[in-house]
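Please find below a short note for a colleague who is new to this structure.

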Amino acid sequence: MMKKVYTMGEALIDFIPHETGVSMSEVESFKKLPGGAPANVAAAIAKLGGDSAFIGQVGEDMFGYYLKKVLAENKVDITHMLHTDKANTALAFVALKQGGEREFAFYRKPSADMLLEREYIKKITFTENDILHFCSVSLIESEVKYAHIEAIKKIKEENGLVVFDPNVRQSLWENQQLYSHTIQEFIPYADVLKVSDDELNFITGKGTVEEGLNYLLSQPVKLLILTKGKEGVTFFIGKKEINVPGFAVQAIDTTGAGDAFIGAFLYQFSLMDKKLTDLTSDELIAMGTFANSAAALVTTKNGAISALPTMEEVEAFIAGN
């Protein structure tokens with residue numbers, strides 16, 4: 001039986017610049033694209049053929065209805081995607097600097113996603129066959145933080161799986177110390193923790209990669225996933241450390257690459273009738289290769305959801321590499 005993946009948090013509009021290689025202040029015009037890490041992950045899973053649902057809230061506005069339509073068209077279950085007239089859908093303006101690196105400006109003070117209420121989450125029924133994926137953007141002091149706590153509590157009561165991908169966005173938090181501390185507070189709830197190598201120092205407060213990893217491995221996490229961009233991924237599970245090389249592609253926009261990676265990974269795990277801790281090294285290498293391929297493919301196109309690959313595209317890419 002296929003596991004269902006619930007992703008929770010923000011769905012927003014990414015405004016991608018028409019000009020690249022310039023800073024935010026120099027961008028002349030932007031193009032509207034659907035985004036928000038949890039929404040991207042839900043779409044990544046559904047686009048590959050998996051079963052995903054998005055839990056979150058958008059505004060009673062054209063952007064909110066547009067996001068709902070896009071997720072539905074990508075076969076994501078939108079039963080738990082709510083609208084509110086108390087705030088607008090969040091907007092993120094992105095500038096693409098040299099080499100596809102990004103600069104962000106967010107409009108969400110507060111935005112609709114931040115007002116999702118804990119009371120609503122109490123109505124959702126999880127099972128032991130479900131997976132909950134969340135990020136750190138929604139852990140800012142607001143209603144949605146407590147909605148997350150409720151969802152984590154509910155799925156843990158059913159012995160479902162909790163996946164935390166901090167997906168650090170420092171420009172969204174005024175207090176950086178509080179931000180890293182909040183991420184640290186939520187790490188012990190996670191069965192799976194995904195961090196990228198460039199987030200390690202911020203999340204752990206440690207000076208070296210080794211110290212940062214040791215800190216994360218001292219937590220009760222069952223599987224630690226360290227993504228390293230084009231260098232691939234390292235899995236830490238039990239006493240094992242498994243390296244899976246990445247793919248070198250002509251990257252034009254890295255938006256959504258991490259979401260494509262974790263989406264592709266969770267999609268594969270959702271098909272398996274086994275526990276996380278029973279995954280073999282060979283299985284993790286195959287899953288890592290598949291997820292690395294999905295992430296590499298996303299960087300060759302603009303935008304997040306629109307750039308997510310289908311199963312045919314991933315298989316063709318693996319075969320060609």
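Which residues are buried in helix 9?

1. This is a predicted model, in which local features need pLDDT of at least 70 and side-chain atom pairs count only at pLDDT 80 or more, while totals for chains, interfaces and linings use all residues. Residues are numbered from 1 along each chain as its sequence is written, and side-chain values use heavy atoms, with hydrogens and water left out.

2. Buried in helix 9 are Leu284, Met287, Gly288, Phe290, Ala291, Asn292, Ser293, Ala294, Ala295, Ala296, Leu297 and Val298. Here buried means under 20% relative accessible area, exposed over 50%, and partly exposed in between (1.4 Å probe, protein chains only). Helices (H or I, at least four residues) and strands (E, at least two) are DSSP runs, numbered from the N terminus.

3. The whole structure contains 13 salt bridges, each a side-chain nitrogen of Lys or Arg within 4 Å of a carboxyl oxygen of Asp or Glu. One of them joins Glu141 and Lys145 at 3.5 Å, N to O; Glu141 is exposed at 54% relative accessible area, whereas Lys145 is buried at 10%.

4. Lys153 and Glu150 form a salt bridge at 3.8 Å, N to O. They lie three residues apart in helix 4 (residues 143-157), so about one helical turn separates them. Lys153 is partly exposed at 42% relative accessibility, and Glu150 is buried at 4%.

5. Asp165 and Lys194 also meet in a salt bridge, at 3.3 Å, N to O. This pair links distant parts of the chain, 29 residues apart: Asp165 lies in the loop between strand 9 (161-164) and helix 5 (176-186), and Lys194 in strand 10 (residues 192-196).
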